[in-house]
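Welcome, and please take a moment to look over the sequence and the 3D view.

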Amino acid sequence: MVKFDYDGCGSFVSDEEQQRYVQTALKAYDLLMAGDGAGSDFLGWKTLPSDVPESLIEECEAVRDDWKAKGVDLVLVIGIGGSYLGSKCAIEALSHSFIRPEGVPQIVFAGQNLSEEYLSEVLDLAKIRNVACVVISKSGTTTEPAVAFRIIKNYIEETYGEKEASERIVAVTDARRGALKTLAERKGYRSFVVPDNVGGRFSVLTPVGLLPIVLAGFDVRQMLEGAAEMQKYLSLDRSEFNPAVLYASIRNLLYAEKGFSTEILVCYTPKLQYLGEWWKQLFGESEGKEGKGIFPASVVCTTDLHSMGQFIQDGSRNLFETVVSVEKSNRDLTVFPDGQNYDELNYLAGQHVEHCNAMAQLGTSMAHIEGGVPQMVLSIERINERNLGSLFYFFEFSCGISAYMLGVNPFNQPGVETYKHKMFALLKKPGYESI
């Protein structure tokens, strides 16, 4: 379960201001819960944690087992934006940083860029491995994943033959229409459905995220249980103590009345680097419209204290921090005494490395708050599937409230299409001749 603490904002906002924004947040909460706000056709994510059927998880596990029987040791997951960031976040957080367990395929993502070098290197890897592919796209025509899939599909068909290729490619796409849906039916690919009422950045608990996470060897039942627990907690507590209401209210207060226009998501473990990337899309794409929105950024500390730390401490005072704190490490490692003590670290002898990390976090928090940076803290006990599910749902729910407080539709992204029209015209795509 996620715990929320906003004591680090106490010197920046008054109780009266906070209460006023909490009341506005509760109105937005009511709008979200009733489904009466803008974009209400895309609220399917709200009940996903409790709605996902066991049969869907079993279908994901069947793909995993079939590919294991074929000796697949590399799965290429093709998608962009919400079609890859959620599963990338979960897999990075839960995996060993360097060693892949026996019998578990390596998951490599493609289609999230248009880099010729990156895609060529993906093919270099494929040529020395036993490959399968998951392609994720509602339409099948989004440029980046479509280019990657055309090239990777061709490689798999040439290497294994068309019949075998049809067993090594799975499509996650629309239920009824679209280029990828049509291709999947013609080629006989196994398919999973992207629900019509769930937008990409809210889709981590659909097959978009669940299938790659299962293929990577992790327990999505636990992830869904953690998210369902958070769903129940947030949806039944219409009060000023609801942590999603508090988070949305304080970030909007800091933005609208205190001039803090940038929010930095801070983690103190590299395991959560891609939580920051997923979070940036979630809030950036949901709130950044109509000339409004808090700019989402992220850092991983203590690494980034030696790069961005100077700016956060002493730079423009237009930013605040939300720290995702992990209370317990999943590993056990202590600093040992050294008779020579050339590095002058014997004062740490016997201390856990994670204790040092915790003191770095505490010291940084104190310094940043004193330096004029408001701070909120979200805490989880440890990194595991259940707590990641809770975090995913907490941020999604909070984002809906926060965007409604801003007066924007949380579930559309009209600005995303602008660059596409310019790019299509430059690439001479039929129907886009004019820039």
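The report below starts with the whole chain and then visits some of its residues.

This is a predicted model, in which local features need pLDDT of at least 70, side-chain atom pairs count only at pLDDT 80 or more, and totals for chains, interfaces and linings use all residues. Residues are numbered from 1 along each chain as its sequence is written, and side-chain values use heavy atoms, with hydrogens and water left out.

## The whole chain

Let us begin with the overall build. Along the principal axes, the C-alpha atoms fill a box of roughly 65 × 65 × 45 Å.

Of the 435 residues, 51% count as buried. Here buried means under 20% relative accessible area, exposed means over 50%, and partly exposed is in between, using a 1.4 Å probe and protein chains only. The accessible surface comes to about 19900 Å², and 52% of that belongs to carbon and sulfur atoms; the areas come from the Shrake-Rupley method with a 1.4 Å probe, and for residues only the protein chains shown count as cover.

Among contacts with a separation of 6 or more, 80% are between residues 24 or more positions apart, where contact means heavy atoms within 4.5 Å. As for charge, the mean positions of the 41 positive and 57 negative charges are 7 Å apart. Lys and Arg count as positive and Asp and Glu as negative, while His and the chain ends are not counted; each charge is placed at NZ of Lys, CZ of Arg, CG of Asp or CD of Glu.

## Inside the helices

| Residue | Helix | Relative accessible area |
|---|---|---|
| Gln 18 | α1 (residues 15-34) | 10% |
| Gln 281 | α12 (residues 273-287) | 14% |
| Phe 395 | α15 (residues 385-406) | 0% |

The neighbours named next leave out residues up to four places away in sequence. Gln 18 touches Tyr 6, Leu 246 and Leu 253. Gln 281 touches Gly 81, Gly 82, Leu 85, Arg 201 and Ser 286. A polar atom of the Gln 281 side chain also lies 3.2 Å from the backbone nitrogen of Gly 82.

Phe 395 touches several aromatic residues, Tyr 247, Trp 278, Trp 279 and Phe 283 among them, and its list also includes Leu 265, Leu 282, Val 324 and Leu 378. The C-alpha atoms of Phe 395 and Phe 283 are separated by 8.7 Å, although these residues are 112 apart along the chain.

## Helix α16 and what follows it

Which residues of α16 are buried? They are Lys 420, Met 423, Phe 424 and Ala 425. The cover over them includes α6 (143-160). An α-helix has 3.6 residues a turn, so residues three or four places apart point the same way.

In the segment after α16 (416-426) you will find Lys 428. Its phi is positive, about 65°, although it is not a glycine. Is Lys 428 buried or exposed? At 71% relative accessibility, Lys 428 counts as exposed.

Most residues other than glycine have a negative phi, and most peptide bonds are trans.

In the loop between β9 (319-326) and α14 (353-370) sits Asn 341. Its phi is near 55°, a positive value in a residue other than glycine, and at 25% relative accessibility Asn 341 counts as partly exposed. Gln 340 is found in the loop between β9 and α14 too, and it is exposed, with a relative accessible area of 53%. The side chains of Gln 340 and Tyr 342 are joined by a polar contact of 3.1 Å. A polar contact is a pair of N or O atoms within 3.5 Å; within protein, one must be able to donate a hydrogen and the other to accept it, and residues adjacent in sequence count only if both atoms are side-chain atoms.

The other loop, between β8 (295-300) and α13 (309-314), holds Thr 302. A cis peptide bond joins Cys 301 and Thr 302, with omega about 10°.

Notes
Helices (H or I, at least four residues) and strands (E, at least two) are DSSP runs, numbered from the N terminus.
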